[in-house]
Amino acid sequence: ARELFLYLLFNGPESRERLSVAFWPDSPTKQVRAVFHTTLYRARQALGENAIIFRDGVYLINPDLNLWCDAIELENFTRQARLLPMRDARTENLWSKAVNLYHGDFLPGRDIDWVFYRRQTLLEAYIEALVGVGNCARARHSFRDAITSFRHALDADPYREDAHRAIMMCFAELGEKHQVLAHFQRMQDLFLTELGLDPSEETVSLADQLLK
């Protein structure tokens with residue numbers, strides 16, 4: 001019942017048929033119908049009779065309910081921030097709000113397909129927000145703060161070349177070519193050891209340019 005509510009909250013309105021495939025793909029149709037209505041009944045008992053409604057052939061969370069969810073807000077903030085220029089004060093504020101709403105894996109302990117997808121989507125939004133905070137800090141010439149934010153992004157995904165490149169550019173802006181070289185070499189070692197690959201041509205070319 002809880003997972004049915006969460007599924008509708010994060011995936012939007014769905015027909016009974018699609019919900020049945022998502023939750024009970026290998027069960028006989030007759031059995032699925034009974035289990036579905038039992039699950040729906042339990043969800044409504046827990047949340048209120050009008051929490052999940054049926055409208056125009058689909059089940060959905062009642063839009064009149066006043067709901068707040070950190071994961072949904074995180075995605076809302078990232079969508080808003082993408083539309084604003086980096087030098088707008090609102091942009092960094094939105095990216096920072098998104099970063100602060102992320103507290104680890106989405107629905108840990110629930111190992112089902114739609115949760116895996118959402119978990120990765122939210123992680124990507126969090127990393128994007130960290131990079132966004134870094135880009136805003138860099139735009140106002142706060143290069144140390146920018147490097148800190150980019151490094152947090154790399155803690156979440158060590159293979160994000162855009163974050164690696166941004167760190168090297170910040171060190172270059174600070175006049176610390178030795179740090180540019182050190183970071184590039186660490187990145188190169190990481191990629192070769194973990195992926196068996198060299199950094200992209202774009203990253204190699206940038207490093208060469210910054211080290212001239």
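Analyst: Taking a salt bridge as a side-chain nitrogen of Lys or Arg within 4 Å of a carboxyl oxygen of Asp or Glu, the count comes to 13 salt bridges. Keep in mind that this is a predicted model, where local features need pLDDT of at least 70 and side-chain atom pairs count only at pLDDT 80 or more, while totals for chains, interfaces and linings use all residues. Residues are numbered from 1 along each chain as its sequence is written, and side-chain values use heavy atoms, leaving out hydrogens and water.

Let's start with Arg90, which pairs with Asp88; their closest N and O atoms are 2.7 Å apart. Here "buried" means under 20% relative accessible area, "exposed" over 50%, and "partly exposed" in between (1.4 Å probe, protein chains only). Arg90 is exposed at 51%, whereas Asp88 is buried at 18%.

Next up, Arg140 forms a salt bridge with Glu92, again with 2.7 Å between the closest N and O atoms. This pair links distant parts of the chain, 48 residues apart: Arg140 sits in the loop between α6 (113–139) and α7, and Glu92 in α5 (residues 89–101). (Helices are DSSP runs of H or I, at least four residues, and strands are runs of E, at least two, numbered from the N terminus.) Arg140 is partly exposed at 44%, but Glu92 is buried at 18%.

Now for the helix, α9 (residues 177–195). Its 19 residues should span 27 Å at 1.5 Å a residue, and the end C-alpha atoms are 26 Å apart, which agrees; the expected span is 1.5 Å times one less than the number of residues. In α9, Val180, His183, Phe184, Met187 and Phe191 are buried. Seen down the axis, the buried residues fall within an arc of 100°, so they line one face of the helix; that arc is taken from the directions from the helix axis to the C-beta atoms.

What do the buried residues of α9 pack against? They pack against α7, α8 and α10 (201–210), where contact means heavy atoms within 4.5 Å. On the other side of α9, His178 and Thr193 are exposed. After α9 comes Gly196, with a positive phi near 70°.
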